[in-house]
Amino acid sequence: MKKRALISVYDKTGIKDFAEKLQKEFHYEIVSTGSTSSLLKESGIEVTDVCDLTGFNEMLDGKVKTLHPAIFGGVLADVSLSQELTEIANYDIEPFSIVVVNLYPFEQIAAKTVNEADLLKNIDIGGCALLRAAAKNNKNVLAVSSPSQYSEVLAELNEKGGLFGEAISKNFAQKVFSLTAKYDECICSTLRKVYELDGENFSLILDKPTDFELRYGENPHQKAFIFESESKVDYEVMQGKALSYNNILDAHAALSLISEFYDVNACAIIKHNNPCGVALGKNPEEAYAKALDCDPISAFGCIVAFSAEVNATLAKQLVSLFLEVVIAPDFSEDALKIFETKKNLRVLKVNTPLKAYSELVSRDVKVTPFGVLVQEPDLKQLDSESFKVVTKVKPTAEEIEDMVFAWKVAKHVRSNAIVVAKDFKTLGICGGQTSRIDALEIALNRACDSSKDAVLASDGFFPALDNIHSAAQGRIKAIIQPGGSIKDKEVIMQADKYGMAMIMTGVRHFKH
């Protein structure tokens, strides 16, 4: 039986050499379309045009080329069934052995524009149909969906005398269905946004990268894996061991927090997915010193993130402490040389602008036996309309700045979250407690005497007066909290009694 390859590609990388080897070394007849056919002919490759098989020229500006029984009959026919072979033979249709197709770049276009005409123009119809048909008939047809597969195909044909085996065919078929599923999800989610529609369905397409299996999960007895999602941060591991499951969780926590302060010199120290020190400074060195001073004991074995370049001076300070990961937008060459003295230290350079980092997370997903929980990420910022001073004492401009700083940090602390801060520096942080008063007292104990005239931020409202009493004992000057408790009036009156300023934001930031 004649060996035939159908080639119709948008990305023409490597296609000339691949087609030439298919024809000259393995004796495949090449059938092709439009610009692909023209390119191959110009390269001296003998090509049969699709229109010669279908009897129709390309229509509708190339939108209709291969959608015809003369093509799909040859792709879908099961050559092991004499009935199907006879049926296509009655129409002078010959089967295909290989289908080589890659798709219009919808995802790349969607990243650049929301213009409906441009988006619709780049939705591939025939290409998806051809690939799916070939993948469905994978025991007879090899579905090649990417230029990266060409070398593997040629190696397989060399090994098997111009044919291909079941293993590669099934593997490539699975990749086709993964590719088209992701392609359709991108179209669906993009058009939902462009058309401003509420989505009733949710799908998550996960790709398996090269380094798929992690050493272990949260604990050594737990297996763990990492998949690539539709949105991915651009980063480089400059040195050190591979990132672990816990490293990745902490790195995400660190970048989510530090991106709140993308336009200033900021440092965030993360331990067990919680900040244990956050500060702003005139430079990254000052920010680090202030952040570390908040809780130097908890910082042992932490992840530290910066919003600006790490230089040699800062690197010398960092290597004096046991760290798991250092994250920054950039590192000086001298800093990298200093880090080389700590071979296991992971140095992570984040190329994605910090301002854009939070936008990479489009959904927060948790899998439970009750069902899969999906929510929007907490990207809520302060609203001037709900941001109200509710006490008789009004905070100073400096206190308001510190309160906003503390409020942004509290957003990234596990509930019940309490943050004590002053001069753009956290003094005491506590979260994950089952009682808000316990969290408040722990945060004040960590701040110790430095809590005098400091501000305090809470992720949720104060349900009782005991919180105000404890804040007063810690000599807190001002409080920022969401409000919304049935005891708000009593809480405000008690703050007035102690001469404290209070702002209610109307925004809760629970993080379970």
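Mentor: The discussion below covers a sheet with its helices, and then one further helix.
Mentor: This is a predicted model, in which local features need pLDDT of at least 70, side-chain atom pairs count only at pLDDT 80 or more, and totals for chains, interfaces and linings use all residues. Residues are numbered from 1 along each chain as its sequence is written, and side-chain values use heavy atoms, with hydrogens and water left out.
Trainee: In what order do the 6 strands of the open sheet lie?
Mentor: The order is β6-β11-β10-β9-β7-β8, with mixed pairing. Strands (E, at least two residues) and helices (H or I, at least four) are DSSP runs numbered from the N terminus, and two strands pair if DSSP finds at least two bridges between them.
Trainee: Which strands are at the edges?
Mentor: β6 (235-239) and β8 (274-281) are, each pairing on one side only.
Trainee: How many bridges join β7 to β9?
Mentor: There are 4, and these strands run antiparallel. I270 stands opposite I303 in β9.
Trainee: What does helix α12 touch on the sheet?
Mentor: Helix α12 (residues 284-294) touches β7, β8 and β9, contact meaning heavy atoms within 4.5 Å.
Trainee: Changing topic, which residues of α2 are buried?
Mentor: In α2 (residues 34-42), T36, S37 and L40 are buried, that is, under 20% relative accessible area with a 1.4 Å probe, protein chains only.
Trainee: Why do they line one face?
Mentor: Seen down the axis of α2, the buried residues fall within an arc of 100 degrees, so they line one face of the helix; the arc is that of the directions from the helix axis to the C-beta atoms.
Trainee: What do they pack against?
Mentor: Their partners are β1 (4-9), α1 (15-24), β2 (29-32) and β3 (47-49).

Notes
Axes fitted to C-alpha atoms, helices over the stretch in contact; angles between N-to-C directions. Buried < 20%, exposed > 50% of the residue type's maximum accessible area, 1.4 Å probe, protein only.
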